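Open the model in a viewer and keep the sequence panel beside it. The stops below are meant to be selected one after another.

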Amino acid sequence: MENVLFFLSTGLVAGFLLRNRTHLLKASDHAASWAVYLLLFFLGASTGLQPEILSMAGTTGFFALVLSLAATAGSIILVWPLYHFLFRTGSHPRTQKADNG
């Protein structure tokens with residue numbers, strides 16, 4: 001945990017000190033993206049090396065699909081009335097200004 005905090009705070013100080021060098025910030029952004037890709041690759045490789053997880057991939061994938069669909073459906077069901085409340089013509093302050101002139 002101390003290592004994580006050390007690298008995070010060191011990067012924060014380095015970013016603050018180098019904030020005016022835009023080419024360095026772009027390079028840092030690309031490096032961070034590639035670091036995430038490598039992390040995902042090694043996470044997948046680590047998962048692929050464990051036979052217990054691979055043997056349950058079908059069941060786990062099915063439950064993950066069901067949970068994802070239920071979460072998406074629940075979000076749509078809960079947001080739909082809010083969307084109509086907020087963006088109904090005439091009820092939103094922006095649309096009232098546009099309607100009034």
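The tour goes from the whole chain to the annotated spans, and then to side chains.

This is a predicted model, in which local features need pLDDT of at least 70 and side-chain atom pairs count only at pLDDT 80 or more, while totals for chains, interfaces and linings use all residues. Residues are numbered from 1 along each chain as its sequence is written, and side-chain values use heavy atoms, with hydrogens and water left out.

**Whole chain.** Colour by secondary structure: the chain has five helices and zero strands, in the order α-α-α-α-α. Helices (H or I, at least four residues) and strands (E, at least two) are DSSP runs, numbered from the N terminus. Now show the surface. Its accessible area is about 9,300 Å², with 73% belonging to carbon and sulfur atoms; areas come from the Shrake-Rupley method with a 1.4 Å probe, and for residues only the protein chains shown count as cover. Of the 101 residues, 0% are buried (buried means under 20% relative accessible area, exposed over 50%, partly exposed in between; 1.4 Å probe, protein chains only).

**Annotated spans.** Select residues 31-49 and 61-83, which an unreviewed UniProt entry gives as "transmembrane region". UniProt positions follow the numbering used here, feature names are shortened, and annotations may be inferred rather than shown by experiment. Residues 31-49 are 95% helix and 0% strand, with end C-alpha atoms 27 Å apart. For residues 61-83 the figures are 100% helix and 0% strand, and the end C-alpha atoms lie 32 Å apart.

**Aromatic pairs.** Phe 7 counts as exposed because its relative accessibility is 58%.

Move to Tyr 83 and Phe 87. Their ring centres are 5.2 Å apart and the planes meet at 45°, so this pair is tilted. Both belong to helix H4, and because they are four residues apart, about one helical turn separates them. Helix H4 covers residues 57-87. Tyr 83, at 46% relative accessibility, counts as partly exposed.

**Charge over a ring.** Finally, select Arg 19 and Phe 16. The charged end of Arg 19 sits over the ring of Phe 16, 4.1 Å from its centre (NZ of Lys or CZ of Arg within 6 Å of the ring centre and within 35 degrees of the ring normal).

How values were computed
Rings of Phe, Tyr and Trp (its six-membered ring) pair if their centres lie within 6.5 Å; planes under 30 degrees apart count as stacked, over 60 as edge-to-face and the rest as tilted.
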